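Subject: Structure handover

Hi,

Here is the structure I promised to pass on. Have a look at it first, and my notes come after.

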Amino acid sequence: MMFSIHEELERLSQKHPFFASKEAFKQSLKFQLQEKFRVEENKHFHDYLIDLWVEEPESGCQYAICLMNKLARATIRQNAQTIELKHHGAEDQGRYDFLAQVEKLERITMGRRNVYGIVVLLTNDHLYWTEPMRPNTVDCEFRIHENRIITGELKWQERASAGTKENRDAPIFIKGRYQLKWHHYSTINQDKHGEFRYVAVHVGDVYS
């Protein structure tokens, strides 16, 4: 029984087409994974905090999973209820945080057999998966749109503001080479932000 984040998210989307928070995303995925795997939440591993630590009983393989849930404003009508998803914005910081998770998981998995990392970003904000019209944005090295290849040293452009870089000013170093592929998660309505997609980056020897 090989662990597949794509199979798990496809199953999850049938029951939960969206999440109003990262915490809801994490709890729902944890509940589902516990049917088949050993799951530990908020595990501390070598000074790093991991959202979900998943172990396959048969193979002994362990997966450090980091989750992100980024929202654009949307109104969802469900079971006679109206749910308002708030707008997170600050996509440049969101991209930085996503890539920082990749860097973190590379550090955790390097040189460790049977330990793999997966970073998942789930969003209905198309600015994450769409290639920008202008190539020279302050966060151009942190872009994570479809087919983008991330590798090497990634840093802000010099004109990035102090507010943008606050707590995020260090360059990110990606040792591997990852081509980003976005996957459909769900369609909640036909509005501008009605589609959810996700990108998952696998880190560790088995994927390189």
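This is a predicted model: local features need pLDDT of at least 70, side-chain atom pairs count only at pLDDT 80 or more; totals for chains, interfaces and linings use all residues.

Below are my notes on a helix pair and on a pocket.

Residues are numbered from 1 along each chain as its sequence is written, and side-chain values use heavy atoms, with hydrogens and water left out.

**The helix pair**

Helix H1 covers residues 5-15 and helix H2 residues 22-33; their axes come within 11 Å and cross at roughly 115°. That makes the two helices, H1 and H2, roughly perpendicular (65 to 115 degrees). The crossing of H1 past H2 is right-handed. On the H1 side, the contact (heavy atoms within 4.5 Å) is made by Glu-8, Leu-9, Arg-11, Leu-12 and Lys-15, and H2 brings Phe-25, Ser-28, Leu-29, Gln-32 and Leu-33. Sorted by class, that contact has 5 nonpolar, 2 polar and 3 charged residues.

**The pocket**

The second largest pocket holds about 160 Å³ of space. (A pocket is an open set of points on a 1 Å grid where a 1.4 Å probe fits, with protein on both sides within 12 Å along at least five of seven lines; lining residues have an atom within 4 Å of a point.) Its lining includes Glu-91, Asp-92, Arg-95, His-126 and Arg-143. Helix H3 (91-109) and helix H4 (126-129) each give two or more residues to that lining, with H3 giving the most, 3 residues. By class, the lining divides into 6 charged, 3 polar and 3 nonpolar residues.

Cheers

Terms used
Axes are lines fitted to C-alpha atoms, for helices over the stretch in contact, and angles run from 0 to 180 degrees between N-to-C directions. Helices (H or I, at least four residues) and strands (E, at least two) are DSSP runs, numbered from the N terminus. Angles under 35 degrees count as roughly parallel, over 145 as roughly antiparallel, 65 to 115 as roughly perpendicular and the rest as oblique. A crossing is left-handed if the near helix is turned anticlockwise from the far one by less than a right angle, and right-handed if clockwise. Ala, Val, Leu, Ile, Met, Phe, Trp, Tyr, Cys and Pro count as nonpolar, Asp, Glu, Lys and Arg as charged, and the others, Gly among them, as polar. Grid points are joined across faces, edges and corners, and a volume is the space filled by probe spheres set on the points.
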